Amino acid sequence: MSHASSAGRIEILAKEVEIKLRDRFAEIDEVSTVNTRRVMSAFHEFAVSAACFSGSSGYGYDDKGRDTFEKIFARVFGTQSALVRLGLVNGTHAITTALFAATAPGTTLLSVTGAPYDTIRSAIGTQGDYPGSLIYYGTKYAQLALTDEGLPDFPAIEKAAGDENVSCVFIQRSRGYCDRPALSVAQIGQMVESVRRINPKANILVDNCYGEFTEVLEPTHVGADLVAGSLIKNPGGGLAPTGGYVAGRKDLVDKAAYRLTSPGIGGECGSYEGGYRSLYQGFFTAPHVTAQALKTAVFSAALFGELGFKTAPGVDDPRSDIIQIIELGSPERLRRFCRGIQKGTPVDSFATPEPWPMPGYDCDVIMAAGSFVQGASIELSADGPMKEPYRAYLQGGITYESGKIGIMMAAHEMMD
Ligand SMILES: *Cc1c(COP(=O)(O)O)cnc(C)c1O
């Protein structure tokens, strides 16, 4: 097909697809409205003013901007407390900190959603052999697979969680790099209920990465004790420069703070001279920005569906994370797809993504990303392992318009 006619065909298809997506987009906007209202009322309750945006230096005692932001974060997540820090270097660090807080020494950590995200395996100690992992410090680890459909295996959960040595039950909300659906908040609520029934003392921790604000409730609204995630994903709204969070029961958040800094000091210290405006502004826009990423994902599912590719989730499937899988079926198409996404990013659009042997993966991985905040995957990005069935994992898009244009460029690149 000639260059011009393929571009024309994609334009027409995109317009048709958008008309069909009107109701779906309206639903996404409604979720964003509910979440925006919750964020705004927390801003009002804690009387956010320009004084909150100033930073502090040195020890950072009584840092008003930091402390107020953590109160707002806790209110929005429906928790007693929150630790939201630029010193939590990424999502992995936040989740690791939460794992140490929620797992008592010498007891068992039980994952009920199969193998955790790659980097979390290293932190637990089941991948690599790093000193300082949970297993290194004497934690025992057990893991339950999801069912073949990717759903929680309730009978198995009740059996395994019934072991009185289990002090922490771990749930991963998002699909990560697995071929299974994200768990909805309602499903997480059922899992919490089932664990509580059999082991009321176990702490329930949810890896909330990519899930925040995709629904009107968070796992902590349905009984999870602790959630953790990254500020360069959904809750940073594309503006937070770095950072992570742990939110939940106060005793557990305190333990997480003791792990992050030092026992006895916890969250009282930690300064940042640069100021906190980007965190506040990012959190304020996060429900909207998450909706933009969701619309971009739904649009890509619809467009690539029309072009004959298998997608997961499908256009009408419920969503509880911002990840979209597009099955491209050949190495050449996966390369072209990533090349097109790269051309559709605002930064580094001139780069050509090439597969490379990324540590921790059993095959080469190709990635497309061109973000304002380095590595931020709330901004449009895609990656895929160079193996059958050549799936692209797509996420982000801080404005729907730019996300849509990026997806159309990927489609164009593939048809050319
Ligand atoms: C992104 C992610 C993490 C943590 O990743 P970082 O790159 O360290 O922020 C953990 N779990 C899941 C499911 C994720 O998507």
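This is a predicted model: local features need pLDDT of at least 70, side-chain atom pairs count only at pLDDT 80 or more; totals for chains, interfaces and linings use all residues.

Residues are numbered from 1 along each chain as its sequence is written, and side-chain values use heavy atoms, with hydrogens and water left out.

Q: Are α10 and α11 parallel, perpendicular, antiparallel or oblique to each other?
A: Helix α10 (residues 331–343) and helix α11 (residues 400–415) have axes 7 Å apart and pack at about 140°. Angles under 35 degrees count as roughly parallel, 65 to 115 as roughly perpendicular, over 145 as roughly antiparallel and the rest as oblique. The two helices are therefore oblique.

Q: How many residues in the contact of α10 with α11 are charged?
A: On the α10 side you'll find R333, R336 and F337, among others, meeting residues of α11 that include M409 and E413 (contact means heavy atoms within 4.5 Å). Asp, Glu, Lys and Arg count as charged. The contact has 6 nonpolar residues, 2 polar ones and, on the charged side, 5.

Q: Is Y390 buried or exposed?
A: Y390 sits in the loop between β11 and β12, and its phi is positive, near 55°. Buried means under 20% relative accessible area, exposed over 50%, and partly exposed in between (1.4 Å probe, protein chains only). With 13% relative accessibility, Y390 is therefore buried.

Q: Which residue is joined to P389 by a cis peptide bond?
A: P389 is in the loop between β11 (381–385) and β12 (391–395). Most peptide bonds are trans. This one is cis, with omega about 0°, and the partner of P389 is E388.

Q: How many residues apart in sequence are the parts that E18 and K404 tie together?
A: The two form a salt bridge, with the closest N and O atoms 3.0 Å apart; the term needs a side-chain nitrogen of Lys or Arg within 4 Å of a carboxyl oxygen of Asp or Glu. E18 lies in helix α1 (residues 3–20) and K404 in helix α11, so the separation is 386 residues.

Q: Which residue forms a salt bridge with D225?
A: D225 is buried, at 8% relative accessibility. The N to O distance in the bridge is 3.0 Å, and the partner is R196.

Note on methods:
Axes are lines fitted to C-alpha atoms, for helices over the stretch in contact, and angles run from 0 to 180 degrees between N-to-C directions. Helices (H or I, at least four residues) and strands (E, at least two) are DSSP runs, numbered from the N terminus.
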